[in-house]
Amino acid sequence: MKYSCKWALRLLPVLSLLLVSTTIRAQSLKGKVTDNNGVALENVGIFNRTSGQHSHTNLSGSFSLPSTQVNDSVYFSNLGFKTFVLVVEPKHFNENVQIALEESSINLDQVEVISKVDAMNRIVKIDIQNDPVKSSQEILRKVPGLLIGQHAGGGKAEQIFLRGFDIDHGTDVAISVDGMPVNMVSHAHGQGYADLHFVIPETINNINFGKGLYYADQGNFNTAGYVDLSLKKSIDESMVSYEAGQFNTNRFVGLFKVLEDGKSDAYLASEVYLTAGPFDSPQNFNRINVLGRYNYRDIGKEELTLTASHFQSKWDASGQIPQRAVDQNVIGRFGAIDDTEGGQTSRTNVMLNHTKFLGEDQFLKTRAFISKYDFELFSNFTFFLEDPINGDQIRQYEDRTIMGTETVFEQINITVGEDDIVSYSAGVGFRSDNVDDVTLEHTLNRKTVLEQYAFGDVDETNMYGFVDAEYKTGNWTFNPSVRLDYFNFDYENKLSELYDNKSESKAKVSPKLNTLYSVNRNWQLFLKTGLGFHSNDTRVVTANEGRDVLPTAYGVDLGTIIKPADKLVLNATLWGLLLDQEFVYVGDAGIVEPSGKTRRLGLELGGRYQVLNWLYLYSDVNYTYARSTEETDGEDYIPLAPDFTAVGGLSITDLGNFSGNLNYRYLGDRAANEDNSIVAEGYFVTDLHLNYHIKNWTVGVIAENLFDTEWNETQFATESRLFNETASVEEIHFTPGTPFYLRGKVSVRF
């Protein structure tokens with residue numbers, strides 16, 4: 001009996017330890033992550049190196065990491081902060097763990113390849129921090145594989161190329177700013193028209209993006225992908241900057257901190273930009289931007305951001321010129337056939353973004369916006385083809401009011417069993433566009449209206465709802481979601497002598513399923529599938545009695561993101577995209593029109609390498625095979641669809657007092673028409689930016705097209721006739737790319 005008691009006494013500590021271990025094993029590690037000032041940090045990557053479990057902090061900095069045991073090593077990583085390693089102790093399960101991250105210069109070491117559908121956002125954020133956006137033209141170029149081109153004097157929205165699409169001005173990429181849509185439905189110039197010139201580059205905090213159509217919170221135009229610009233909620237200090245350079249270029253920017261009072265911050269920003277451009281006929285371009293932003297944050301309770309901005313711009317343009325006119329020395333590369341092209345536009349926005357913390361893991365997000373927008377553009381694509389006396393100049397005009405709202409409920413970190421976690425969100429919203437006096441006219445020298453081709457009012461409403469779930473089990477993450485959209489299209493033809501109003505409506509269901517597998521904290525595999533769509537112009541919808549209203553897109557991505565070394569990240573994706581309908585540019589009318597079904601197959605490769613603490617390299621290469629599926633071989637090319645693109649560069653940060661970057665972009669030759677008999681030539685262009693910092697002063701030099709490459713920024717196969725020609729000619733018409741362009745910049749922070 002004595003021996004039995006002795007053994008029992010000896011076994012008691014062991015049994016107690018086993019019991020405690022079993023209890024701890026079933027628990028989740030919970031806590032909060034802040035910076036050294038106590039400010040909550042969102043989207044901090046959390047990875048249990050021992051078990052492979054992963055998570056990230058929510059809006060209030062809180063986190064929950066399941067299946068955590070004593071002695072596990074848990075990594076906390078966030079850009080701009082040193083990675084923190086927590087060795088779990090028994091006490092950590094009895095209280096919320098408080099982690100304070102120490103600030104550090106941004107480095108690739110801080111990146112964790114955690115399981116998120118948009119994981120590349122965290123990686124590309126390093127590109128943006130090392131090489132901040134310097135102009136409105138650079139905003140979209142920060143998205144890997146996305147190229148742009150300007151062809152109307154600098155004031156018109158850029159032409160966009162992404163994933164084998166000539167997207168025109170936004171037909172197949174959804175663009176927004178803090179959730180407020182930028183794309184214009186049923187626009188006077190082109191469907192999906194997205195003008196980002198109302199954004200002041202210095203106010204950008206981050207560029208969120210996603211390739212493909214796999215995101216339930218993104219609706220119309222999200223086929224090739226989406227881009228959402230996140231603006232700074234507050235600024236650390238005020239700043240004034242002045243830039244001057246060739247072509248009579250002057251740019252003034254000011255950011256002014258006007259309030260910092262505990263929970264509240266506010267700042268004002270302004271921009272004035274003037275340039276004549278490199279063209280023989282001056283662009284006389286001017287742009288004015290003003291923005292005011294107020295942020296209130298009560299950590300753990302609510303956050304409110306209120307934004308108001310105004311933008312206006314005016315310009316002259318030399319337009320797209322025919323290659324033969326240059327070859328015959330009729331004009332130079334920077335000359336014009338009709339230099340009375342140009343336009344003006346303005347946009348005034350009011351945005352409200354509000355987040356209410358309903359509980360530790362529950363949030364209610366609401367946003368609302370209203371925009372007042374007007375647009376006027378004079379173009380001449382065909383010169384004297386239709387009217388040999390007065391020429392073919394056209395005027396496009398509209399006066400628009402946009403309003404909308406969205407409310408999303410989020411529930412995260414629902415523990416299922418011991419190891420599994422479920423999160424979900426559900427949202428509803430609407431967008432309404434009231435567009436008055438949508439006009440297409442034949443004009444002479446901007447002054448005389450010769451004929452009205454179209455004149456009417458558009459009312460288009462989009463109501464939608466979505467449910468997005470995420471289920472994590474072991475190393476697997478499953479992300480099923482579904483989106484429902486309802487559209488109402490209404491068009492009143494004001495050219496008709498009788499009341500002529502037509503209306504159509506259509507609903508669309510878009511399911512999506514994304515599957516991710518984390519091999520470890522440095523290696524992710526993913527398979528993304530789903531349906532998406534882009535809407536057609538209201539005038540097309542009503543004229544066709546509701547046919548081809550919301551063409552479906554079918555997508556699949558198979559890829560990986562891997563970090564084989566602390567200072568190296570690689571990514572690769574095989575993807576495919578089918579469209580029920582394509583849009584094709586029509587040169588003689590200066591519009592886009594619906595065509596047939598298309599298929600695109602592509603390969604994307606990317607790499608980022610932190611060579612030294614101060615030297616960072618990156619590159620993205622994309623190949624796409626794009627064809628129409630309803631045409632015969634050899635006649636099935638998609639005009640201007642890029643098949644090979646590459647972008648990349650190097651960045652220098654904190655090398656003594658110096659910083660800067662050297663970037664390149666390459667666009668290969670591509671078919672300009674359906675049978676590839678006309679080819680749009682590719683280009684390779686390099687830009688250089690150097691800064692020298694002296695206390696709170698920065699002096700910089702910007703050199704665009706460093707090697708003075710002769711390149712065509714935009715090109716179209718267009719049929720046109722010059723004044724002295726008896727017959728029309730179809731050939732490349734182009735806008736020349738900017739030659740060597742040197743600017744100096746000085747800024748001061750205070």
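1. The largest cavity of this predicted model has a volume of about 580 Å³, where a cavity is a set of points, on a 1 Å grid over the protein atoms alone, at which a 1.4 Å probe fits but cannot get out. The volume is the space filled by probe spheres set on the points, which are joined across faces, edges and corners. Of the 38 residues that line this cavity, the closest to its centre are Gln-137, Tyr-273, Glu-704, Thr-738 and Tyr-741; lining residues have an atom within 4 Å of a point.

2. A search of the whole structure finds 12 cavities of 30 Å³ or more.

3. As to the chain, its secondary structure comes to 4 helices and 43 strands, which are DSSP runs numbered from the N terminus (helices are H or I with at least four residues, strands are E with at least two).

4. Of the 750 residues of the chain, 56% count as buried, that is, under 20% relative accessible area with a 1.4 Å probe and protein chains only.

5. Because the model is predicted, local features need pLDDT of at least 70 and side-chain atom pairs count only at pLDDT 80 or more, whereas totals for chains, interfaces and linings use all residues. Residues are numbered from 1 along each chain as its sequence is written, and side-chain values use heavy atoms, with hydrogens and water left out.

Terms used:
1 Å grid on protein atoms, 1.4 Å probe; cavity = no way out; pocket = protein on both sides within 12 Å on 5 of 7 lines; lining within 4 Å. Buried < 20%, exposed > 50% of the residue type's maximum accessible area, 1.4 Å probe, protein only.
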